[in-house]
Amino acid sequence: MGLVAGFFLSSYFFNSKRLRNGGFDPVPLSRQDASDHLKNPFKIDSVFLAKGKKIYEANCLKCHGPEGRLPRSHPFSIHAGHHTPGDFMWLATNGIASKGMPSWRDKLSYEERWQVISYIQTTFAGTEPMMMR
Ligand code: HEC
C-alpha cells in the first residue's frame, strides 16, 4: 500500500524535464498492469484539458485528425471508450511500432501524456458507435 502511494505521490514531484530525459517513469512495463491499475494522479479540470488540447494539436492532430481517428485500422474516431485510461497511457508512452504510432515517453512528460490522454478520452469517447478492435 505504502509503495503504491509513494509511487503515485512521486509522480507529482518529478518535473517534466527529468521525465523527458529518461528519468523515473511511473508507467508499468506490462500493458496489462497499466490497463488494470494505472490511474491519472492529476486533477482533471478545464485547465488540464486545455493543455491536453494544445498537446494534441501540436503532436497528434497530423495523424489522428480533428475527430480523433485511427490512421491505420479505423476510418473514424479513436475508440476512447473501449480502453481504460491506463491502457491508453501505456500505448501513448510506448507507441505501437508495428503500426507507426510513435512513443511519447521521451517527448512528453508524464503529466503532459495524462493531459493529452484525458483530452482524447473526454473529447472523442462515444464518437465511434459500434466498432471494436
Ligand atoms: C505519425 C503518426 C502518429 C502520430 C503523430 C500520433 N499517432 Fe497515435 N497512432 C498512430 C497509429 C498508426 C496508431 C495505430 C492505430 C491504428 O491502427 O491506426 C495510433 C494509435 C494510438 C492510440 C491507440 C488507440 C487505440 O484505440 O488503439 C493512442 C492512444 C494514440 N495513438 C495516441 C496518440 C497521442 C496521444 C498522440 C500525440 C501525443 C499520437 N497518438 C500521435 C499514429 C500516430
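Which residues have the most contacts inside the largest nonpolar core?

**View 1. The whole protein is shown as a predicted model with 7 helices and 0 strands.** Read from the N terminus on, the elements follow the order α-α-α-α-α-α-α. The protein has 133 residues, of which buried residues make up 26%. When contacts between residues at least 6 apart in sequence are considered, 72% of them join residues that are at least 24 apart.

**View 2. The largest nonpolar core of the predicted model is made of 20 residues.** Within this core, the residues with the most contacts are Tyr56, Phe88, Met89, Ala92, Val116, Ile117 and Ile120. Two or more residues each are given to the core by helix H4, which spans 46-59, by helix H6, which spans 85-94, and by helix H7, which spans 110-124. Of these contributions, that of H7 is the most, with 7 residues.

**View 3. Helices H6 and H7 pack against each other with their axes 10 Å apart.** Two packed helices are described by the angle between their axes and the distance between the axes. For H6 and H7 the angle is about 125°, and H6 is therefore oblique to H7. The crossing of these two helices, H6 and H7, is right-handed. On the side of H6, the contact is made by Pro85, Phe88, Met89, Ala92 and Thr93, while H7 brings Arg113, Trp114, Ile117, Ile120 and Gln121. Sorted by class, the residues in the contact of H6 with H7 are 7 nonpolar, 2 polar and 1 charged.

**View 4. Ala92 is shown with the residues that it touches, leaving aside those up to four places away in sequence.** These residues are Trp104, Arg113 and Ile117. Ala92 belongs to the H6 side of the contact between H6 and H7, in which Arg113 and Ile117 stand on the H7 side. Both Ala92 and Ile117 are also among the residues with the most contacts inside the largest nonpolar core.

**View 5. Lys51, a residue of helix H4, is shown together with Gln115.** Although Lys51 and Gln115 are 64 residues apart in sequence, they are 6.3 Å apart in space, C-alpha to C-alpha.

Definitions and conventions. Residues are numbered from 1 along each chain as its sequence is written. This is a predicted model: local features need pLDDT of at least 70, side-chain atom pairs count only at pLDDT 80 or more; totals for chains, interfaces and linings use all residues. A nonpolar core is a set of buried Ala, Val, Leu, Ile, Met, Phe, Trp, Tyr and Cys residues joined through C-beta atoms within 7 Å. A residue is buried if 20 or more other C-beta atoms lie within 10 Å of its own, exposed if 12 or fewer, and partly exposed in between; C-beta atoms are placed from the backbone. Helices (H or I, at least four residues) and strands (E, at least two) are DSSP runs, numbered from the N terminus. Two residues are in contact if their C-beta atoms, placed from the backbone, lie within 7 Å. Axes are lines fitted to C-alpha atoms, for helices over the stretch in contact, and angles run from 0 to 180 degrees between N-to-C directions. Angles under 35 degrees count as roughly parallel, over 145 as roughly antiparallel, 65 to 115 as roughly perpendicular and the rest as oblique. A crossing is left-handed if the near helix is turned anticlockwise from the far one by less than a right angle, and right-handed if clockwise. Ala, Val, Leu, Ile, Met, Phe, Trp, Tyr, Cys and Pro count as nonpolar, Asp, Glu, Lys and Arg as charged, and the others, Gly among them, as polar.
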